[in-house]
Amino acid sequence: MLFLKTMNQTPLHQDSFFGQIFDQTIEGLLIADAQGTIVDANEACLHMFGYDSKSELQGRKIDLLIPTRLHHRLQGHFESYTQSPAPRPIKKSPEIWGLRKDGNEFPLEISLSPVNIQGKKYTLAYLIDVSERYLLSRSIQEGEALLQAIIETAVDGIITIDRKGKVESMNPAAARLFGYEPEEVVGNNVSMLMPEPYHSEHDDYLKNYHRTGIGKIIGIGREVKGRRKDGRVFPFSLSISKVEFHDRQIYTGIIHDISAMKEAEEKL
């Protein structure tokens, strides 16, 4: 790798084939010595951190490119690496952040590899700006958190089951409605919440649906009956939808208690 610079930053064959590869690689590349001093950086690295020339980085410590609050963490990674130099990634964002020349921070992935040039040991760092991936991940996490909050605070009961009828989740409203704690239901067959004849017929109904694709209740609302933990039977309106999620079929049931409405109808 004759494209590298020596410790006094004298260019070594910068016009060589390998030198051109180093400078034109789209990923950020940085070379540091055993003391963590920057020896060289390619154009992608300079652009990533907002520097105009290599001279601004050469001779500076690599922690220049990391926020002060993370210096101890980077130092720990670097010390561990120098004790046993071998190709390794540093944990992904948001643990490591980069610091641009203008003071702005961005999520960063770093991988380290040992290199030997003219009998001296150096570290080659591969640097990737993962801002877009980080923002997407944050957006997904926030969306999931919002959805979970909606489900947890929903007035109606919400239960999800797999294709075999096993309960995967139960929101607080559904738990109160049936008189169970969620952990008493999750992992069990949803038929435990049904009186006869629904209790005995439910598994066959699912099997027939999977075989024929014809569902009597999926996609439409229907009035059915449930059985509470204490054995009492009550009426509720049930709407079921099917969701394809990660190559799995999940069924979501929205449960609305209509006991009060039925009592009013009987009185009338």
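Predicted model: local features only at pLDDT ≥ 70, side-chain atom pairs only at ≥ 80, totals over all residues.

Reader: OK, how many salt bridges are in the whole structure?

Author: The search turns up 11 salt bridges. In one of them, aspartate 40 pairs with lysine 54 at 3.3 Å, N to O.

Reader: What does that pair tie together?

Author: Aspartate 40 is in strand 2 (residues 38-41) and lysine 54 is in the loop between helix 2 (43-49) and helix 3 (71-83), so the bridge ties together parts 14 residues apart in sequence. Helices (H or I, at least four residues) and strands (E, at least two) are DSSP runs, numbered from the N terminus.

Reader: Are aspartate 40 and lysine 54 buried or exposed?

Author: Both aspartate 40 and lysine 54 are buried. Buried means under 20% relative accessible area, exposed over 50%, and partly exposed in between, with a 1.4 Å probe and protein chains only.

Reader: And which side chain does glutamate 105 meet in a salt bridge?

Author: That's arginine 69, at 2.8 Å, N to O. Glutamate 105 sits in strand 5 (residues 105-117) and arginine 69 in the loop between helix 2 and helix 3, so this bridge joins parts 36 residues apart in sequence. Glutamate 105 is partly exposed at 35% relative accessibility, and arginine 69 is partly exposed too, at 45%.

Reader: Switching topic: which residues have the most contacts inside the largest nonpolar core?

Author: Leu30, Phe49, Leu108, Ile110 and Leu127, in a core of 25 residues. A nonpolar core here is a set of buried Ala, Val, Leu, Ile, Met, Phe, Trp, Tyr and Cys residues joined through side-chain atoms within 4.5 Å. Strand 1 (28-33), strand 2, helix 2, helix 3, strand 5 and strand 6 (120-129) each supply at least two of its residues.

Reader: What does leucine 127 touch?

Author: Leaving aside residues up to four places away in sequence, leucine 127 touches several residues, including Leu30, Cys45, Met48, Phe49 and Leu108. Contact means heavy atoms within 4.5 Å.

Reader: What does the second core include?

Author: That separate core has 22 residues, among them Ala174, Tyr209, Leu238 and Tyr251.

Definitions and conventions
Residues numbered from 1 in each chain as written. Heavy atoms only, no water. Salt bridge = Lys/Arg side-chain N within 4 Å of Asp/Glu carboxyl O.
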